[in-house]
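Please open the model in your viewer and display the chain as a cartoon.

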Amino acid sequence: MAIRRSAKTTRRPKQSSQPWLHVKGAEIQEFGTVRMFPLGLSWDARMYSCQRLNQILADTQILYNLYKKHHWLMRGPTFYQLHLLLDKHAGEQLELVDQLAERVQTLGGVAIGDPRHVAEITVIPRPPDGAEEVPAMLSRLIEAHETILVASHDAARRAQEMGDDGTNDLLVSDVIRTGEMQTWFLIEHLVDTPLVEAPEG
């Protein structure tokens, strides 16, 4: 015997241009998990890379914000040059943030994005809320870079061992090379050499 459907169940919903506001939804993937993607990589390799990438991503987001803070608070006779340099570096770090996050997503993971979550897992020390002397600000940036570089070298080596060439390439070609170059530029501003006089001799 055929079952008759009521008009109520077969009627299409009325269309409306009213946006859905205040929508609450269930969390569909927990942070720290990876989905099964057909990438030719084991679950273990993708899980490891996502964990390491998320840590580097969190620290890179903090480094980006340190660059912006010091860009704003820069002062002294080198203000103009460093104000511009730190903003340039900040822009390059922001590009790395996006690349790292997209790599996590590509591997089936969940990229860390909320700044409150970032603050919970970063290993970069928090700076004073106020302004510091210029050498202290530059040293703080250099130390943050070194933290990220040490982690990136280790993660890149392990990712390569696990066959994750994409993560290895991102860390070596982008994160490490950018970090090394930016560190060099900062270090040279901490060399105490006279601007107009050479020592007699």
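Predicted model: local features only at pLDDT ≥ 70, side-chain atom pairs only at ≥ 80, totals over all residues.

**The whole chain**

Residues are numbered from 1 along each chain as its sequence is written, and side-chain values use heavy atoms, with hydrogens and water left out.

Traced along the sequence, the pattern reads α-α-α-α-α-α. The radius of gyration, at 24 Å, is well over the 17 Å given by the globule rule for 201 residues, so the chain is more spread out than a compact globule. That radius is taken over C-alpha atoms, and the rule is 2.2 Å times the number of residues to the power 0.38. Orient the C-alpha trace along its principal axes; the spans are about 110 × 45 × 25 Å.

**Contacts and burial**

Next, show all atoms. Of the contacts (heavy atoms within 4.5 Å) with a separation of 6 or more, 79% join residues 24 or more positions apart. Buried residues (under 20% relative accessible area, with exposed over 50% and partly exposed in between; 1.4 Å probe, protein chains only) make up 36% of the 201 residues.

**A loop residue**

Now select His-22, in the loop between helix H1 (7–10) and helix H2 (43–73). Its relative accessibility is 74%, and His-22 therefore counts as exposed. Most residues other than glycine have a negative phi. Phi of His-22, however, is positive, near 55 degrees.

Terms used:
Helix = DSSP H or I, 4+ residues; strand = E, 2+ residues; numbered from the N terminus.
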